[in-house]
Structure formats: C-alpha cells, structure tokens
Amino acid sequence: MTEHAKLADIFERFATQQAAGKSPLYEALSRTVARTPELLELAAETKPGQPAPNMLFGAVHHLLRDGVQHPLATYFTGHEDLDEARAGTLLTDFCRRHAERIRVIIATRSVQTNEVNRCAVLLPAFAALQQQLDDGRLIRIVDVGASAGLNLLWDRYTYDYGGHRISLPASDPDTVLSCAIKGGMPSLSLDVSRFVRPVGIELSPVDITDPEATEWLVSLTWPEQTARMRTLNSALALAARTPPTILAGRAEDHLADVVAETPPGRHLCFVFSWSIYQIFGSPGGRERLANTLAELSQHRPLHEISIGHFGHTTPRVIMASYDGGVRRSDVVAYCDVYGTWLHWLTKAADWPNTDGRQNP
C-alpha cells in the first residue's frame, strides 16, 4: 500500500470511527480528503506521530478563525446547511489557495487538546483516592501530558452531574462542566484542602499567555462543538489569572525528579488522560509506564489515575497503586471521550482486575 493510500485509509477511518455522529462537517471533509490526491499530498506534511485529520482540519479552522475570507467559513460557523459536495469543493479550493500557510502549521504544530470536561471524570476518581488514603495526609496530583495545564485547575470549576451541582470552595460559577451519570452515583465528597502543589509535565507546554498558542487549542475544537469551545475559552481565562505550574520536557526525564522532590509525608498521584501512548509510545506504552512507576515505588508508595481506551471500544478509568515494586490496579469506571458521561462501578467487587501480574 502506498503512503497516500495509507493516508486515505486514515481519513476514511476518521470519518466513520471518529467524526460520524459527532461532526457531520468533518465526516464529509474527511471523505473528500480521502479521494483527493492533492489534499492527501498536503496532509502528508503533518509532523510525524501526529494525527493528520485533526491537524489538517485544525489548520483550516485556525486560518478561518484568524480572519481568512473564504466561502468555506459558512460551514465552520454553522451558517449554511451542509452540502457535502460543495463543502468538499470549497475545502479543495481553500487548501489550494492557502497551501503554504497550512503546510507550515501542520509541519510544526501538534495536537494538544486540553479537554476540560474530563475533569468531571477525574473528580470522582480524586474523591475515591482520598477515601482510600484516609490518613489525612496531603495529596499531590501530577498531570502527565498536561498540555496547557487546564485539568490542574479542576478545583476551580463547577460540576453538574445530571442536575446534581457540585461547587468547590474556589469554583467559578460560570465555568460549569456537565456529566451524565450512568449506573450508580459515585461519591463526590472530598476535602479539596488536602490536594496541594499540583504540577503538570508536558513535552511542549502551551503558553496560556500567548494568544496564538491558546487560539490553536480552540481551533482544534470541532466546529459543531460550540459548548465545548465555550468551556475551553472560559477555562483559559481562569488559567490566565493563575497559571498552572508545568514542567517542560519528556515525562521520562521528570518522573523521578518529581518523586524525589515531593516531601515523603505526602501522597503522590500521577494522572494520565489519553496521554500514556503519546508519552511512552505504542505499542507497549502502558507496560513501560507500569514498569517505571513500579521501579519508582521502591522508594515510596505511588498512585495512578488513567483515562483512555486501552485497546477497548469504550474508554475506562483505571486506578492503580504501586508499593515496593508491586502494582495493583482496577477499572473503576467507564466514560465518554469528552467526559460527557460516566458509568462508575460503585462496588469494589465489580471492579475488574486489569493486571494479571499483581497480587490479589
């Protein structure tokens, strides 16, 4: 299979597996790219390791939001009913006219979406962690693959779980994250004061004081997802007032240092939200992460909360502990990619064991 054929298949699968039912526009445009050689040639300029569909459409969205005038804009703003054939023709024309600017964007930038609504999935996990660690000691959260660090501000948002609203001491009433509950209601009771000195790790942190950088984050949001876009802008405004702390560089280069510099009297929890494979590589990324944390736990107990697909159709939440090189982990919930719904497995007996190597 040629490189263009492989890329065409990527766009076809993006249309059917990711955009279908979520973004009619991107579904239609993906099919156009898949059958248009010049668009495939342009998309091939995407930086290695980055998803070409997200990058190409993000670049187009970015230029349109930046004020580039073109009839294609009416589809991105929702001001014109979708005509797949016309949208495809306009996309081809737009990319032909602005090929060089698109090429620069996709060859130099990365997909660094910071899905704020996933905090609605993390909050119950933090509550469960705190209940598990009932000794009253302080807890430090380390968000690995933090992007702009917006998920480090989880205690600044207001939460709505099917009409059950949660306001924390520092919650902004105008930044509301909504999450439907499927199955049992998780415990949402936690003492925020126990969570201290959160820090992120990111290869290329997004500078939230740089309008161009934050605009790229917004441009990666799909056009139909207007509520998601509003939430992101609101979270960015909060972050600009109190920027989160993010360590720049590879996770592998920072994990040991974070463990070493965190006072031994504090619990330490690493959070991975769809970032394991990006950081530790795939395949085998999860195993490398587990081995790394197990090795570090020879010096002190560690904890992990991870959200991702992990080879399954439905995303899941995994909570793990590491002590003396021994790992124990459980699937505690299923969830939506965007954190719009959560199925918490309320009974520990219902939590399927996910690591055959661990002790029972």
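Trp274 lies in the loop between β8 (267–273) and α12 (276–280), where helices (H or I, at least four residues) and strands (E, at least two) are DSSP runs numbered from the N terminus. Although Trp274 is not a glycine, its phi is positive, at about 55°. This is a predicted model, in which local features need pLDDT of at least 70 and side-chain atom pairs count only at pLDDT 80 or more, whereas totals for chains, interfaces and linings use all residues. Residues are numbered from 1 along each chain as its sequence is written, and side-chain values use heavy atoms, with hydrogens and water left out.

Arg197, found in the loop between β5 (180–181) and β6 (199–202), is not a glycine either, yet has a positive phi of about 45°. With a relative accessible area of 42%, Arg197 is partly exposed, a class that falls between buried (under 20%) and exposed (over 50%), as computed with a 1.4 Å probe on protein chains only.

Two helix pairs are set out below, with axes taken as lines fitted to C-alpha atoms over the stretch in contact and angles running from 0 to 180 degrees between N-to-C directions.

| Helix pair | Angle between axes | Axis separation |
|---|---|---|
| α1 (residues 3–19) and α2 (residues 24–34) | roughly 165° | within 8 Å |
| α4 (residues 52–65) and α7 (residues 99–108) | about 125° | 9 Å |

Helices α1 and α2 are therefore roughly antiparallel to each other, and α4 and α7 are oblique; angles under 35 degrees count as roughly parallel, over 145 as roughly antiparallel, 65 to 115 as roughly perpendicular and the rest as oblique.

Where contact means heavy atoms within 4.5 Å, the residues of α1 that meet α2 include Phe11, Phe14 and Ala15, and those on the α2 side include Tyr26, Ser30 and Val33. By class, this contact of α1 with α2 has nine nonpolar, two polar and three charged residues; Ala, Val, Leu, Ile, Met, Phe, Trp, Tyr, Cys and Pro count as nonpolar, Asp, Glu, Lys and Arg as charged, and the others, Gly among them, as polar.

In the second pair, Met55, Leu56, Ala59, Val60, His62 and Leu63 of α4 meet Arg101, Ile102, Ile105 and Ile106 of α7. The residues of that contact of α4 with α7 divide into eight nonpolar, one polar and one charged.

Helix α11 (residues 251–261) has Ala251, His254, Leu255, Val258 and Val259 as its buried residues. Seen down the axis of α11, these buried residues fall within an arc of 135°, so they line one face of the helix, the arc being that of the directions from the helix axis to the C-beta atoms.
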